[in-house]
Amino acid sequence: MAEIPDTMIAVEISAPGGPDVLKPKIVPVPKPGSGHILIKVAAAGVNRPDVAQRMGVYPPPPGHSLLPGLEVAGEIVATGGSVTRWRPGNKVCALVNGGGYAEYCLAEEPIALPIPAGLDMIKAAAVPETFFTVWNNVFERGRLAAGEWLLVHGGSSGIGTTAIQLGKAFGAKVIATAGSADKCKACLELGADHAVNYKTDDFVAAVKTATAGKGVDVTLDMVGGDYTERNIIAAAEDGRIVQIATLGGAEVKINIARLMMKRVTLTGSTLRPRTREVKAGFARALEDKVWPLLAAGKVKVVIDSTFPLAKAADAHRRLETSAHIGKVVLVV
């Protein structure tokens, strides 16, 4: 094994603010404690929660790295006590609570997964945050079943491209919304049955037409705001709406009587504060049910663009334009 250096280059948030506050800095390499592995990072995914953390509104859980970055892929170079599954030299991707924008990153043993067959490090780094989020919210919280209708807002985002494909892989019919003709085309190419340009068309009317008036069974929404009431109108009886972000505002006004009449469930979650045990459960489910789909090429990882670690600010700018289709990844 190569020697592990004492220091590394990482990207820190120098102060809350715009992309320019992301600054490369030399910091100590973390040491793995009990139950932890140390990964030499090859690539790290860039996600909306990283932007929220940079702006000062989404701090890491207590006791975790203050550096941004929630998912990495690379090679294990050291393990802490009580680690049984992994050895130095194993190649993994992992969901982490912070620290991904760095040359080395700690991960918890049960929340690391083998790199799916056929994926390179860049694609593997784009998997954990997105696939954990979609799996938990669409299939566990939303209870999506084969034959049901799934509405995916932001269909061309990292979350959206994943939700479309997993929905189709498990037998659902999918309607996606996106903000341009090109993005709608990308959603259809990934398998969506219908794609709605929300800038020119009303998704509620499109849902009604597509489902012959029935409505959608599960809605995955990262918008909130005025979408919430419209999601209820678009929902089928006994529909489930799962909220994973509030890009359009967290304060919403809804007609509760409409919710009652349709018996709609409105739920949601955030991933980062969940316990190690809960995330380990998601990891086991993904390895069992979704990893074979990735290995068989039935579900693809859509990469929009890559940036060197030191250009993390440019990666954030790319994400904030919302022009991306798929994931933005930092290469170390």
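Analyst: The answers below cover the fold, the surface and the cysteines. This is a predicted model, in which local features need pLDDT of at least 70, side-chain atom pairs count only at pLDDT 80 or more, and totals for chains, interfaces and linings use all residues. Residues are numbered from 1 along each chain as its sequence is written, and side-chain values use heavy atoms, with hydrogens and water left out.

User: How many helices and strands does the protein chain have?
Analyst: There are 11 helices and 15 strands in the protein chain, taken as DSSP runs (helices: H or I, at least four residues; strands: E, at least two).

User: And what share of the residues is buried?
Analyst: Of the 332 residues, 53% count as buried, meaning under 20% relative accessible area with a 1.4 Å probe, protein chains only.

User: Changing topic, which cysteine sulfur is nearest to that of Cys 93?
Analyst: By the rule that a disulfide is a pair of cysteine sulfur atoms within 2.5 Å, the count is 0 disulfides. For Cys 93, the nearest cysteine sulfur is that of Cys 105, 12 Å away.

User: Is Cys 93 buried or exposed? What about Cys 105?
Analyst: Cys 93 is buried, at a relative accessible area of 1%. Cys 105 also counts as buried, at 2% relative accessibility.

Conventions: Buried < 20%, exposed > 50% of the residue type's maximum accessible area, 1.4 Å probe, protein only.
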